[in-house]
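Okay, everyone, thanks for coming. Let me put today's structure up on the screen, and then I'll walk you through it.

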Amino acid sequence: MAGKPLVAIVDDDNSIRTGARDLLKAAGFSTATFEDAESFLASASRATTACLVADMRMPGMTGLELYEALVASGDRIPTVIITAHPEEWTQAREAGITCYLIKPFAPDELLECVREALAKSQTRRAIPKS
């Protein structure tokens, strides 16, 4: 899968993780999945992640806290936050989140957000077309 942007998916809900993984793989992306933020932070995938898709509310570190930890460490990975709580959008936007999706979301919405995040990335890479 060399040359394909790596999208890391961090969500404590297995059905969201696997659904997003399958969708993104079908669209031509490489993927890595994690059930919590701490697992992602400790992974080798962190260094090569081109885009992060993270749930806002997870046990332990939230998606927003994960993003803020990455920024604080100098890793500005374009991030898409997914949540069932639309009232959290302002906080996420102010933190610099690229895109925010409300559950349930359409598959095309996730693909659009990931492509937007990659387009804004400082490390320009070829973005697969569906």
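**Fold and cores**

So, reading along the sequence, you get β-α-β-α-β-α-β-α-β-α. That comes to five helices and five strands, where helices (H or I, at least four residues) and strands (E, at least two) are DSSP runs numbered from the N terminus.

Quick caveat: this is a predicted model, with local features needing pLDDT of at least 70 and side-chain atom pairs pLDDT 80 or more, while totals for chains, interfaces and linings use all residues. Residues are numbered from 1 along each chain as its sequence is written, and side-chain values use heavy atoms, with hydrogens and water left out.

On dimensions, the C-alpha trace spans about 35 × 30 × 25 Å along its principal axes. Of the 130 residues, 45% are buried, meaning under 20% relative accessible area with a 1.4 Å probe, protein chains only.

Now the inside. The largest nonpolar core has 20 residues, and V10, F40, L52 and L66 have the most contacts inside it. A core here is a set of buried Ala, Val, Leu, Ile, Met, Phe, Trp, Tyr and Cys residues joined through side-chain atoms within 4.5 Å. Two or more residues each come from β1 (6-10), β2 (30-34), α2 (37-41), β3 (49-55) and α3 (63-72), and α3 gives the most, with four.

Take L66: leaving out residues up to four places away in sequence, L66 touches V10, A37, F40, L41, L52, A54 and M61, contact being heavy atoms within 4.5 Å. There's also a second, separate core of 19 residues, including A20, A50, I82 and V114.

Note on methods
Buried < 20%, exposed > 50% of the residue type's maximum accessible area, 1.4 Å probe, protein only.
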